[in-house]
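Please report on the packing, the sheet and the pocket of this model. Keep it brief.

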Amino acid sequence: IDGGEAWTRGGGDDITEIPGGTTYSVRYAAIEGAFRSDACTITIIIFDGTQEPAPSIEIDYVNETLTGFEDGGSYLINGEAVNPTEGVLDISGYIGTTISIVKKGDGVYTYDSEPQNLEIPARQAAPEGVSGGTRRITGVDETMEYKLSSAEEWTAIEGTTLTDLSAGTYQVRIAATEDDFASEPVSVTVS
């Protein structure tokens with residue numbers, strides 16, 4: 001080892017915790033019925049990369065996404081690999097938790113960043129005092145939005161009563177803002 005005369009037997013497929021910047025000779029040991037192999041020389045390179053900068057990921061409350069990921073970058077959230085698309089990642093699985101985001105190094109020039117710890121608030125509670133009636137929903141205000149339960153799109157509410165509605169089950173929630181997710185919805189029946 002390292003220019004010496006003594007050989008050390010390996011203990012498996014990998015030899016780890018070898019100091020860098022050193023040259024080693026490696027060979028197969030002699031076994032019963034076979035001579036030792038020729039040695040090959042391996043130089044352990046010292047990895048001298050730079051650390052990736054800590055991420056600066058932000059919450060988009062309206063679209064329920066995390067934004068600010070570098071395109072093509074590799075990231076870990078809570079130790080699990082994630083794949084942002086065009087710098088954006090769906091947030092639905094993280095609402096109400098604190099997450100740790102790490103920008104992965106490339107292992108050649110860079111190594112992993114320090115984590116960014118990001119608290120993602122819980123969703124607001126469903127609005128109270130909302131009720132359905134004959135072709136109407138009452139107890140609403142302009143901070144809310146509604147939709148027929150089977151619909152995809154939400155509609156902003158103007159005023160304190162929705163009128164001329166078709167019969168059915170509706171959902172009402174507090175709309176998202178730049179600082180809060182949309183609330184949990186409350187279901188009401190319109191006759």
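Two strands pair if DSSP finds at least two bridges between them. Strands here are DSSP runs of E, at least two residues long, numbered from the N terminus. The model is predicted: local features need pLDDT of at least 70, side-chain atom pairs count only at pLDDT 80 or more, and totals for chains, interfaces and linings use all residues. Residues are numbered from 1 along each chain as its sequence is written, and side-chain values use heavy atoms, with hydrogens and water left out.

Three strands form an open sheet in the order 4-5-8, with antiparallel pairing. Strands 4 and 8 stand at the edges with a single partner strand each, so one side of each has no neighbour in the sheet. Strand 5 pairs with strand 8 over three bridges. Threonine 65 has aspartate 90 of strand 8 as its bridge partner.

| Strand | Residues |
|---|---|
| Strand 4 | 58–60 |
| Strand 5 | 65–67 |
| Strand 8 | 88–90 |

**Cores.** A nonpolar core joins buried Ala, Val, Leu, Ile, Met, Phe, Trp, Tyr and Cys residues through side-chain atoms within 4.5 Å. Buried means under 20% relative accessible area (1.4 Å probe, protein chains only). The largest core has 16 residues; Leu66, Ile77 and Ile120 touch the most other members. Strand 6 (75–77) and strand 9 (98–103) each give two or more residues to this core. Another core, of 13 residues, lies apart from it and includes Met144 and Leu162.

**Pocket.** A pocket is an open set of points on a 1 Å grid where a 1.4 Å probe fits, with protein on both sides within 12 Å along at least five of seven lines; lining residues have an atom within 4 Å of a point. The largest pocket is lined by 23 residues, and among those nearest its centre are Thr8 and Arg27. Strand 1 (22–26) and strand 2 (40–44) each give two or more residues to the lining.

How values were computed
Buried < 20%, exposed > 50% of the residue type's maximum accessible area, 1.4 Å probe, protein only. Helix = DSSP H or I, 4+ residues; strand = E, 2+ residues; numbered from the N terminus.
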